[in-house]
Amino acid sequence: MSTPAPHVLIIGAGTGGLCLAHGLRRAGISVAVYERHRHRAEGLLGYRVGIGPTGSRALRECLPPELFATFLATCARPPRYFNVVTQGLRQTASFELRPDADPVHTEHSVARMVLRQVLLTGVDDVVHFDRTFVRYEQRDDGTVTAYFADGTSATGDLLVAADGTHSAVRRQYLPHAVTRDAGTINVATRIPLTARTRDLVPERVRQGISLIFGTGGTMGVLHMMEFKWDAERAIKPGVGDADAALLRQWPGLTHDTTTDNINLIIWSAARRFPADVMQRRGEDLVRVALDLTPNWHPHLRELLTRGEPDSALPIKVTTSEPVPPWKSSTVTLLGDAIHTMTPGRGVGANTALRDARLLCQQLARAVAGDKTLLQAVADYEAAMVPYGFARVIESLNRSGTSGDDRMYRPVVGRLALLGARGYFGVTSRVPRLRRRFVDDFHTYEGDQD
Ligand SMILES: Cc1cc2nc3c(=O)[nH]c(=O)nc-3n(C[C@H](O)[C@H](O)[C@H](O)COP(=O)(O)OP(=O)(O)OC[C@H]3O[C@@H](n4cnc5c(N)ncnc54)[C@H](O)[C@@H]3O)c2cc1C
């Protein structure tokens, strides 16, 4: 009944795929990853992801201990405050967050490209870049073959779709599993942190995460991303000896150019953007963001103009439709490939990591002889689908992520905005409510096992 030495093919070297590759390697299971990007620094133009307890637990379990320590050392400085501000940078609410003493039970601010470099460490020998998956074939002998755009192929015992929202594997395997436009668009920008840009924002914003509730249905979020290295990749003074030693010997630092920055994302209903916004880039896209924010504080608008033009990225927010159960086989899926969610709750990457951990545990049990490979896949899917789609729904219901949200309606929108500001204002002033809000921020565990 055991599955001796299966070989696992993973399509996509994103957050979930690379975490799974580590976990399988640790479990002694042979793995190969195929990624369409041509090299390890392509794509993933920088925006921040928050990795909470669910993601950290998965990383701690799947990564070798020293690499998990490196992951922690590469996170940006933890936010001290969660702020809510108006478009005029007036503070509506500010919550003091707890210092992050625990490596897992906290929210880590991570730059996506840095996370990719961490996750490539120690598995780069099994990651094949410039291999765009096109289709697969399942054979009667139980093997599955993946075919790539360059004419090559690879055969294994299990094919894992970790190829994100527009998954080509899903299109073939579950053609009825579709995503839909949530009706909002984000424009993400990355602004170098300099003496000038630092001075453009109030002290609490400088030290935290800040939600911008703007009038006229335009919202924003601002993250300060400060790392333990400077622009020359030298470790900054004051970094503890252990972290400094880890970072000095970490090869990932030479592959990535991320330095201290302000991550400013603005979003609104898609209908407020020009029809060709998804094709716009650079200064042209920054102009779109400026046109949407005419009444924003001049400092916020100056930040937009000081962004690295190449980092400006339009993101059409999509969400998965529920999928009826399917019969498990030698193809399975994880992360955005099966349950794309809006950024509303900030748990898409965490859920992809949770999937990776769970699938890895199941495959390890198959190898140990507890169940067949197919049963392991079925057990993984039976758990993953309910929690994955629960996160999809919660994320969509978060205020402002759907284009149908009343926030974006002409008159009602104004009331919705006042209601949201009022909620945060009262919550931050009443000690009991404030404590509960901070507890929730730190311990949102709806995404736990
Ligand atoms: C603005 C924004 C903010 C977000 N913030 C957060 C947050 O704070 N916390 C959080 O948990 N989540 C967040 N998310 C969600 C998170 O980014 C995703 O859920 C997460 O990256 C999904 O991981 P994944 O491994 O499934 O897919 P991805 O990380 O998207 O990886 C998919 C990989 O597959 C590759 N690929 C695609 N097609 C092919 C092919 N045909 N052949 C080969 N390779 C292919 C891609 O190049 C990519 O490398 C945010 C998302 C957005 C848009």
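T70 is in contact (heavy atoms within 4.5 Å) with L246 and W250, when neighbours within four places in sequence are left aside. T70 is found in helix α3, which covers residues 65–74; helices (H or I, at least four residues) and strands (E, at least two) are DSSP runs, numbered from the N terminus. T70 is buried, with a relative accessible area of 4%, where buried means under 20% relative accessible area, exposed over 50% and partly exposed in between, for a 1.4 Å probe and protein chains only. T70 and D243 are 173 residues apart in sequence, yet their C-alpha atoms are 7.5 Å apart in space.

This is a predicted model, in which local features need pLDDT of at least 70 and side-chain atom pairs count only at pLDDT 80 or more, while totals for chains, interfaces and linings use all residues. Residues are numbered from 1 along each chain as its sequence is written, and side-chain values use heavy atoms, with hydrogens and water left out.

**Overall fold**

- The protein chain contains 14 helices and 17 strands.
- The radius of gyration of the protein chain is 22 Å, close to the 22 Å given by the globule rule for 449 residues, so the chain is as compact as a globular protein of that length. The radius is taken over C-alpha atoms, and the globule rule is 2.2 Å times the number of residues to the power 0.38.
- The C-alpha trace of the protein chain spans about 65 × 50 × 45 Å along its principal axes.
- Of the contacts in the protein chain with a separation of 6 or more, 75% are between residues 24 or more positions apart.

**Surface and charge**

- Of the 449 residues in the protein chain, 57% are buried.
- The protein chain has an accessible surface of about 18,800 Å², and carbon and sulfur atoms contribute 52% of this surface. Accessible areas come from the Shrake-Rupley method with a 1.4 Å probe; for residues, only the protein chains shown count as cover.
- The protein chain carries 54 positive and 48 negative charges, whose mean positions are 7 Å apart. Lys and Arg count as positive and Asp and Glu as negative, whereas His and the chain ends are not counted. The place of a charge is taken as NZ of Lys, CZ of Arg, CG of Asp or CD of Glu.

**Cysteines**

- A disulfide is a covalent bond between the sulfur atoms of two cysteines. The criterion applied here is a pair of cysteine sulfur atoms within 2.5 Å.
- A search of the whole structure finds zero disulfides.
- For C62, the closest cysteine sulfur is that of C19, at 3.8 Å, which is too far for a bond. C62 is buried, with a relative accessible area of 2%.
- C360 is likewise in no disulfide, and its nearest cysteine sulfur, that of C62, is 4.8 Å away. C360 is buried, with a relative accessible area of 8%.

- In helix α10 (residues 298–305), the buried residues are L300, E302, L303 and L304.
- The cover over the buried residues of α10 includes the strands β12 (179–192), β13 (208–213), β14 (219–225) and β15 (261–269), together with the helices α6 (195–199) and α9 (282–292).

- H128 lies in strand β7, residues 127–128, and is partly exposed at 28% relative accessibility.
- Not counting residues up to four places away in sequence, H128 touches A32, V33, Y34 and E35. H128 and Y34 are 94 residues apart along the chain, and their C-alpha atoms are separated by 4.9 Å.
- D130 is in the loop between β7 and β8 (133–138). The phi angle of D130 is near 60 degrees, a positive value in a residue other than glycine. D130 is partly exposed, at 43% relative accessibility.

**Other individual residues**

- R233 belongs to the loop between β14 and α8 (241–248). The phi angle of R233 is near 70 degrees, a positive value in a residue other than glycine. R233 is partly exposed, with a relative accessible area of 23%.
- G422 is placed in helix α13, residues 412–429, and counts as partly exposed at 34% relative accessibility.
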